[in-house]
Amino acid sequence: MIKLYFCRMKQIATLFILLTLAFSEVALAQKSNEETPVKRERTDMFMIQYNHEGLLNFPDSIRLSPWSRGVGISFMYDHFLVESDKLSIGIGLSFYSHNYLTKSDITQYQDTSGQVLSKFTAYSPYTINRSKIVRNFLDIPVELRYRTTPNEKGHSWKVAVGAKIGYRTNIYSKVIDKNDDKYKSFIYPQVSRSRYGLTGRIGYGKVSVNGYYSLSNFFFEGRGAEITPISLGVTLTLF
């Protein structure tokens, strides 16, 4: 009888332990499900930009066409900083082409100390029809992004501030003279090979207004006029 009693007690204890373990697993599973963050959608990972290009401190005697333009594409990874889906950081790679429409070329001269410097020099209006200077860059952009809660259509307001650093892949000028003959030049040793500056975007849904302000000079430091590139335009987000 005593042996049977202890046998039953052992069975009850075993069952109690098994039930305790089972309820513990269920509780842990429920807690894990509760702590699992809601799936957050990454956005602004592939973007196309179309901008107006400007040059601050450009010589007043030379006209820079308001149709000067730039186009770029950006591939960026959207990384969430906190559990909320409103704040993230974007980092990636972009390619950008600046087209400055101006009837001028970059020429070199010597100052009074004998140092070789560069400046923009206007073409004679009687010799050419049009010309442009093109700079192409490969950049690494970084953005701090904030977006509002998406509406029923999945659209939200968004703001991004950041910076980018880039390397110039090439530079050239293209001239079309009065006879419609075309000439290209690729030798501009005084133009800076790198750049860095501030960026910003604000928009709604897949369309944003963007801007760029260069903190680096158009020319190498001390080897040309103090000219600051700027850009302002529209960004279209494909996904």
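This is a predicted model: local features need pLDDT of at least 70, side-chain atom pairs count only at pLDDT 80 or more; totals for chains, interfaces and linings use all residues.
The backbone nitrogen of Asn 179 sits 2.9 Å from a polar atom in the side chain of Asp 177.

**Around Asp 177**

- You'll find Asp 177 in strand S7, which runs over 157-177.
- Is Asp 177 buried or exposed? Asp 177 has a relative accessible area of 11%, and the cut-off for buried is under 20%, so this residue counts as buried.
- Asp 177 and Ile 128 are 49 residues apart in sequence, yet their C-alpha atoms are 3.8 Å apart in space.
- Ile 128 also turns up among the residues that Asp 177 touches, along with Thr 127, Asn 129 and Tyr 183, once you skip residues up to four places away in sequence.

**The nonpolar core**

- The largest nonpolar core is made of 13 residues.
- Which of its members touch the most others? They are Leu 55, Ile 106, Phe 120, Val 191, Phe 218, Phe 219 and Ile 227.
- Take Phe 218 as an example: leaving out neighbours within four places in sequence, its contacts include the core members Leu 55, Ile 106, Phe 120, Val 191 and Ile 227.
- Phe 218 is also in contact with Tyr 100, Arg 135, Ser 192 and Pro 229.
- As background, nonpolar side chains in soluble globular proteins tend to be buried together.

- The largest pocket has a volume of about 400 Å³, and 20 residues line it.
- If you want to find its centre, look for Glu 41, Arg 42, Thr 43, Gly 154 and Ser 156, the lining residues that lie nearest to it.
- What kinds of residues line this largest pocket? By class, there are 9 charged, 6 polar and 5 nonpolar residues.
- The second largest pocket holds about 330 Å³ of space, with a lining of 16 residues.
- Nearest the centre of the second largest pocket are Leu 101, Thr 102, Lys 103, Arg 130 and Ser 131.
- Strands S6 (128-147) and S7 each supply at least two residues of that lining, and S6 gives the most, with 4 residues.
- Sorted by class, the second largest pocket is lined by 6 charged, 5 polar and 5 nonpolar residues.

**The cavities**

- How many cavities of 30 Å³ or more does a search of the whole structure find? There are 2.
- The largest cavity has a volume of about 220 Å³, and its lining has 21 residues.
- Gln 49, Ser 74, Pro 141, Lys 164 and Thr 199 are the lining residues nearest the centre of the largest cavity.
- The lining of the largest cavity has 10 polar, 7 nonpolar and 4 charged residues.
- The second largest cavity contains about 60 Å³ of space.
- Among the residues lining the second largest cavity are Thr 43, Asp 44, Arg 145, Tyr 146 and Arg 147.
- S6, S7 and S9 each give at least two residues to the lining of the second largest cavity, which by class has 5 charged, 4 nonpolar and 3 polar residues.

Key:
Residues are numbered from 1 along each chain as its sequence is written. Side-chain values use heavy atoms; hydrogens and water are left out. A nonpolar core is a set of buried Ala, Val, Leu, Ile, Met, Phe, Trp, Tyr and Cys residues joined through side-chain atoms within 4.5 Å. Buried means under 20% relative accessible area, exposed over 50%, partly exposed in between (1.4 Å probe, protein chains only). Contact means heavy atoms within 4.5 Å. On a 1 Å grid over the protein atoms alone, a cavity is a set of points where a 1.4 Å probe fits but cannot get out, and a pocket is an open set with protein on both sides within 12 Å along at least five of seven lines; lining residues have an atom within 4 Å of a point. Grid points are joined across faces, edges and corners, and a volume is the space filled by probe spheres set on the points. Ala, Val, Leu, Ile, Met, Phe, Trp, Tyr, Cys and Pro count as nonpolar, Asp, Glu, Lys and Arg as charged, and the others, Gly among them, as polar. A polar contact is a pair of N or O atoms within 3.5 Å; within protein, one must be able to donate a hydrogen and the other to accept it, and residues adjacent in sequence count only if both atoms are side-chain atoms.
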